[in-house]
Amino acid sequence: MQSRSDSVGFAWKPGFLRQAPLVAFLGLLGFAVCCVGLGTILYESDGKEVSTWPRASSTVSVSVVLSLIIAIANLCLSVALGQGYAISWWLQALKGAEFRKLVFDLEVRSGLSAILGENMAIDKFVIATVVSLVVSILDGPLIQKASVITPKTYVYPDQRVTAYISNASLPGNFSGYGGMSLTTTLLTPLFSNVSRAYSNRDDIILPLDGCGTNSTCDFTLSAPGFDVNCTESSVPYNFTHLGSADPNNNNITTFNVSFAFGGLTSEVGRYNSINTTSWYKTDGACIGSITKRECVLSLATVRYSVSISNGITTLQNWQLGQNDTIEITKFPPPPKWGGSAGNGWILNKEGYESMLGGIHSVLRGLYESSVNLKLVSMGVVNFYLTTTGQASSNYLTSDVSTYSGCTMTWEDPTADIINTVYNLMFRSAIAYSNSNASAVVPQQLPALETRVANAYQSHYKFLGITIGCMILQALAISYLLLGWHRLGRQVSLSALEIARALEAPLLQNGSSNNTIGDHLSSLRPIKLRYGEILPESTFASSCDNRPGQQFQPGLAKPSHQDITSEAELSHFLATHEKGYDRDSLQERPVLGFREEGQVGDIRPNVLY
């Protein structure tokens, strides 16, 4: 048996720096870093697109990042709180406290259910526990409210788009067929598709590159259209001067829309323009003036202001006085009879075909109409009302009580007519370009792109509330740490360290002031078992009973090299405890921890 040297003692060394709770300080520092991280994430993500944050190639949800940072902050505070509990408990033990109070403070740190027990007391342990519990519950939901996803409009003014549409004039046989007459009787197949799409209000699809998904691109392009030149005049009327017996003075036309196919001057030429004339009575009086608006629509290259959203094109409405003309189309002189081509028309063996005849025919069908009031000598009403065309009803502005009377009124249809012409011509340009894609020269155009996308919006008040709650917890932890300098060693609330302080025999060898980790280092190889402690006589024979050797509790802790037998291990185990000795052990068995060979199975129904 090797001799044992005396245990090495450890001095009690208080001090601010020597006993500084570094783990708690690091936990509080980590919490502070997390607070900075929360603010940085909210600042950097505020107003950014969800699909591109932090990078378009690799996106991460802000809520996930915030949750992760909050979890780390809670972990840091939990670590600091654990050391704060230990320091405060041992300081309380140094000052002296009731055993009941010390037990309660140990229990309450594990759960608030301890306040329901008989040892309940209101102290800083309870306050710190309640604050920590409340903060851990609230900080997660609160920080989630600090960043929400809302739609946001982004404007990009310097975008470039490519439109696949020709700005050249349409072919001379594009829209109408007249047989042996210049009057259009049928639409060409290509233009009939355009007319049907307009009637059905089908979406306009312009072939375009450069406008992103979920974006709206506004730009101006050039394409075939019309130069619009309108003049306005007035025609006086007086219903009181009508005479029923005079066929030349017994009626007044109060509303009329008509169209003429062909130019007014030799410069423009025939069949490359459309003329429209609108009469409309705007005054409800029986004596006044009817407005007459005449417009000449001449073939030209014009600017179309368009807006494309998700591939669907919308034309900007034309307004009276608006001039979008780039250049009026010039044609060669018309051929003599028997020629093959003219200004906006083609003559072949099948008959006459025209560029604008089909458009002229569609406009007549949509808008050509008339309203006439005729004076009669007898009848239920004052005037006999005759109408033609749907527009006479579409642009009527007076109520039904004025019908068949001289107080009926209408509004100007001109803007709608021109917008219809623009729409038909734009659709025609797209249709013709699609059918002759190889001949189209793409237009590179500047565009204003507006995109509505989901974006992060930060609410910093919730960040402030969250950080405020966690700062309150940090203050509670700091309160627990106060007085650490009075301790003489690093302490913990390990059950074994408290057991050593309560003089548990197994833990009494060695210094009582070293850290519990160092104290237990030499005990780690020992295999312990919990059970019924066997009488000494049952295992004494297995010990090395060399002369002069006996079991002596309380001797100095041997080194690992000194532990050579079960007899030597017995120096770490109590051979007597309060309330029993070797004699009483044989009368009433005891349960406890002992080295494995000194413990037996627990016997049911035996009083211990």
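Visitor: How far does helix H9 (residues 460–481) reach from its first C-alpha to its last?

Guide: Helix H9, with 22 residues, reaches 31 Å between those two atoms, close to the 32 Å expected at 1.5 Å a residue. Its buried residues include Phe462, Leu463, Ile467, Met470, Ile477 and Leu480, and among them are also Thr466 and Gln473. What covers the buried residues of H9 includes helix H1 (22–45), helix H2 (62–95) and H4. Just after H9 comes Gly483, which takes a positive phi of about 95°.

Visitor: How much confidence does the prediction carry, and what is the mean pLDDT of the protein?

Guide: The mean pLDDT is 84, and 84% of the residues reach 70 or more. Over residues 1–6, however, the pLDDT is below 50, and this stretch has 13 contacts in the model beyond near neighbours in sequence. Residues 336–343 also have a pLDDT below 50, with 15 contacts beyond near neighbours in sequence. Where pLDDT is low, the predicted coordinates should not be read in detail.

Visitor: How do I read backbone angles, and which residues are joined by a cis peptide bond?

Guide: Most residues other than glycine have a negative phi, and most peptide bonds are trans. Here a cis peptide bond joins Trp53 and Pro54, with omega at about -5°, and Pro54 is found in the loop between H1 and H2.

Visitor: Where is Asn214 found, and what is its phi?

Guide: Asn214 sits in the loop between strand S4 (208–209) and strand S5 (215–238), and its phi is near 60°, a positive value in a residue other than glycine. Asn214 counts as partly exposed because its relative accessibility is 49%. Glu503 likewise has a positive phi, of about 65°, although it is not a glycine. The loop that holds Glu503 runs between helix H10 (495–501) and helix H11 (516–520), and Glu503 counts as exposed because its relative accessibility is 59%.

Visitor: How should I read a salt bridge, and how many does the structure hold?

Guide: The structure holds 11 salt bridges. In one of them the side chains of Arg451 and Glu49 meet at 2.7 Å, N to O. Arg451 lies in strand S16 (residues 443–458) and Glu49 in the loop between H1 and H2, so the pair ties together parts that are 402 residues apart in sequence. Both Arg451 and Glu49 are buried.

Visitor: What can be said of the salt bridge between Arg603 and Glu532?

Guide: Their side chains meet at 2.8 Å, N to O. Because Arg603 lies in the segment after strand S19 (599–600) and Glu532 in strand S17 (residues 528–533), this pair ties together parts that are 71 residues apart in sequence. Arg603 counts as partly exposed at 41% relative accessibility, whereas Glu532 counts as buried at 9%. Another salt bridge joins Arg100 with Glu98, the closest N and O atoms being 3.0 Å apart, and Arg100 is partly exposed, with a relative accessible area of 33%. Lys101, Asp105 and Asp123, for their part, are linked in a network of salt bridges.

Visitor: Which residues form a nonpolar patch on the surface?

Guide: The patch is formed by Val130, Leu133, Val134, Ile137 and Leu138, which together have about 390 Å² of accessible area. Val134 has its place in helix H4 (residues 124–144), and it counts as partly exposed because its relative accessibility is 40%.

Visitor: How do I take in the whole protein, and how many helices and strands are there?

Guide: There are 13 helices and 19 strands, and 43% of the 608 residues count as buried. Among contacts between residues at least 6 apart in sequence, 74% join residues at least 24 apart. The accessible surface comes to about 31600 Å², of which 57% belongs to carbon and sulfur atoms.

How values were computed: Residues are numbered from 1 along each chain as its sequence is written. This is a predicted model: local features need pLDDT of at least 70, side-chain atom pairs count only at pLDDT 80 or more; totals for chains, interfaces and linings use all residues. Side-chain values use heavy atoms; hydrogens and water are left out. pLDDT is the predictor's confidence in each residue, from 0 to 100. Contact means heavy atoms within 4.5 Å. Patches are made of residues with over 30% relative accessible area and no salt bridge: like charges are joined within 9 Å, nonpolar side chains (Val, Leu, Ile, Met, Phe, Trp, Tyr) within 5 Å. Accessible areas come from the Shrake-Rupley method with a 1.4 Å probe; for residues, only the protein chains shown count as cover. A salt bridge is a side-chain nitrogen of Lys or Arg within 4 Å of a carboxyl oxygen of Asp or Glu. Helices (H or I, at least four residues) and strands (E, at least two) are DSSP runs, numbered from the N terminus. Buried means under 20% relative accessible area, exposed over 50%, partly exposed in between (1.4 Å probe, protein chains only). The expected span of a helix is 1.5 Å times one less than its number of residues.
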